[in-house]
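I opened this notebook to record what I looked up in the structure.

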Amino acid sequence: TAVHLPEGINGKALLSLMDEEHNVVLAGGQGKLDGKVFRIAHLGWVHLPDMENALSALSVVLQQLGHRLPG
């Protein structure tokens with residue numbers, strides 16, 4: 001699943017922090033989408049706790065990078 005990066009968020013920093021601080025590996029965009037999207041893989045058997053962990057880590061990292069989350 002490809003997700004559009006919020007305005008002002010550095011995609012390379014997002015990928016790096018997700019991997020280094022949370023052991024969650026995301027992929028960047030390719031070609032024209034490089035630096036504009038990140039991708040979450042979910043092929044095969046994916047457990048709900050794994051997806052919850054990835055989304056929770058994403059919330060933390062986005063805030064670290066200066067993105068204000070709604071609500």
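Entry 1, the model. I noted at the outset that this is a predicted model.

I looked up the strand order and found an open sheet of three strands arranged 1-3-2, with antiparallel pairing. Strand 1 and strand 2 (27-28) are at the edges; each has a single partner strand, so one side of each lacks a neighbour in the sheet. I then examined the pairing of strand 1 with strand 3 (residues 37-39): the two run antiparallel and are joined by three bridges. On strand 3, R39 is the bridge partner of A2.

I located L5 in the loop between strand 1 (2-4) and helix 1 (11-22). Is L5 buried or exposed? L5 counts as buried because its relative accessibility is 5%, and the cut-off for buried is under 20%. Setting aside residues up to four places away in sequence, I listed the contacts of L5 as G11, L14, G35, K36, V37 and F38. I also checked L5 against D19, 14 residues apart along the chain, and their C-alpha atoms are separated by 17 Å.

I found 14 residues in the largest nonpolar core, of which L14, M18, V24, L26, F38 and L58 touch the most other members. Helix 1 and helix 2 (48-64) each supply at least two residues of this core. Helix 2 gives the most, with five residues. Finally I looked up L58, which contacts L14, M18 and F38 when neighbours within four places in sequence are left aside.

Methods: Residues are numbered from 1 along each chain as its sequence is written. This is a predicted model: local features need pLDDT of at least 70, side-chain atom pairs count only at pLDDT 80 or more; totals for chains, interfaces and linings use all residues. Side-chain values use heavy atoms; hydrogens and water are left out. Helices (H or I, at least four residues) and strands (E, at least two) are DSSP runs, numbered from the N terminus. Buried means under 20% relative accessible area, exposed over 50%, partly exposed in between (1.4 Å probe, protein chains only). Contact means heavy atoms within 4.5 Å. Two strands pair if DSSP finds at least two bridges between them. A nonpolar core is a set of buried Ala, Val, Leu, Ile, Met, Phe, Trp, Tyr and Cys residues joined through side-chain atoms within 4.5 Å.
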